[in-house]
Amino acid sequence: AVAETVLDAKTEPRPIDEAFLASVLSGLSKRQKTIESKYFYDARGSQLFDAITDLDEYYLTRAETALLKEQSAEIATLIGTGATLVEFGSGSSVKTRILLDALAALRLYVPIDISGEHLDAAAKQVAADFSLPVIPLHADYTSRFTLPHQVSRDRLVGFFPGSTIGNFEPDEAAAFLDRVRSLLGPAARLLVGADLQKDPARLEAAYDDAQGVTAAFNLNLLVRINRELGGDFSLEAFRHKALYNAEEGRVEMHLVSLADQSLSLGGRQIDFTAGETIHTENSYKYSLESFRELAQRGGWRSEAAWTDPEGLFSFHALIA
Ligand code: AVI
């Protein structure tokens, strides 16, 4: 039979993101298979992450938000007037608003995010709501970049909330902190949130919620690979797993293969044995002291640190 309709005459082949493909192929050819966690955040992944931050089990966002509200006056006193706030991974700038409410006479806000659309919308909204000059910067803050020339390297304050620093390996985290220090210049400050070590059961629940939102977030990596890279992962053949690795002081997320299976990607065959995992994320947890040491490795010293009454989360003011 001949097809009767032309379904979509405008359909064009979409170019493949070669860097994404190369990263996935290299990760899946390791002995412990891996996928880089930065690939969680496509549009669907960002939505799922936002849903995670509302979960009962995911205490991090609530604890940090409460902490910021509680301490914003003190933070504002440290920062003083006329500073420029540079946020790494600003998303929809929700937590920023707490700081902006408290900070007096800020000169400029520079949100940096990899998702351009999200960034521009959030930047416009903040500029309008706070009558503040905003220069959004569309960049992957984990790579090297420079600040726009309009940003004078005077009184710069970095903002890196959410314990995203915990998604770096400690050596990478120290290197990142060092890069941020040279980016922000002399006499800079950095405000950074870090999740604290705690009861493993509490940690594991935060990364394996009852509703399965975190499972969907993890499995979305495979959805993305199927759609964007032409993969043929069966979602039913993998299961989400979160575990606390006490030796490394981190929560790990994995996707467990439920069967022996082979799939093809980018012209290569990838084999899994039943029970084998793809390691998709590390989320390092620090103590106040171990975080200060990490900051020191990145060339920063601790000016102040705060924790919530339950001791769940920490927020640090660092000085270059
Ligand atoms: C973005 N980052 C700090 C989150 C975390 O807690 O490590 C990502 C996440 N992974 C699973 N749930 C949330």
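For the residue classes in these entries I count Ala, Val, Leu, Ile, Met, Phe, Trp, Tyr, Cys and Pro as nonpolar, Asp, Glu, Lys and Arg as charged, and the others, Gly among them, as polar. The model I am reading is a predicted one.

Entry on the pocket. I looked up the second largest pocket and found a volume of about 150 Å³, with a lining of 13 residues, of which Arg-62, Ala-63, Ala-66, Asp-308 and Pro-309 lie nearest the centre. Sorting the lining by class, I get 6 nonpolar, 2 polar and 5 charged residues. I then asked which element gives the largest share of this lining, and the answer is helix α3 (residues 59-79), which contributes 7 residues.

Entry on a helix pair. Turning to helix α6 (residues 170-184) and helix α9 (residues 288-297), I note that their axes come within 7 Å and cross at roughly 55°, and I therefore record α6 as oblique to α9. On the α6 side the contact is made by Pro-170, Asp-171, Ala-173, Ala-174 and Leu-177, and on the α9 side by Leu-294, Ala-295 and Arg-297. By class I find 6 nonpolar and 2 charged residues in this contact, with no polar residue.

Entry on salt bridges. I find 17 salt bridges in the structure, and I looked up one between the side chains of Lys-38 and Asp-140, with an N to O distance of 3.8 Å. Lys-38 lies in the loop between β1 (33-34) and α2 (43-53), whereas Asp-140 lies in the loop between β4 (137-138) and β5 (156-160), so the pair ties together parts that are 102 residues apart in sequence.

Notes. Residues are numbered from 1 along each chain as its sequence is written. This is a predicted model: local features need pLDDT of at least 70, side-chain atom pairs count only at pLDDT 80 or more; totals for chains, interfaces and linings use all residues. Side-chain values use heavy atoms; hydrogens and water are left out. On a 1 Å grid over the protein atoms alone, a cavity is a set of points where a 1.4 Å probe fits but cannot get out, and a pocket is an open set with protein on both sides within 12 Å along at least five of seven lines; lining residues have an atom within 4 Å of a point. Grid points are joined across faces, edges and corners, and a volume is the space filled by probe spheres set on the points. Helices (H or I, at least four residues) and strands (E, at least two) are DSSP runs, numbered from the N terminus. Axes are lines fitted to C-alpha atoms, for helices over the stretch in contact, and angles run from 0 to 180 degrees between N-to-C directions. Angles under 35 degrees count as roughly parallel, over 145 as roughly antiparallel, 65 to 115 as roughly perpendicular and the rest as oblique. Contact means heavy atoms within 4.5 Å. A salt bridge is a side-chain nitrogen of Lys or Arg within 4 Å of a carboxyl oxygen of Asp or Glu.
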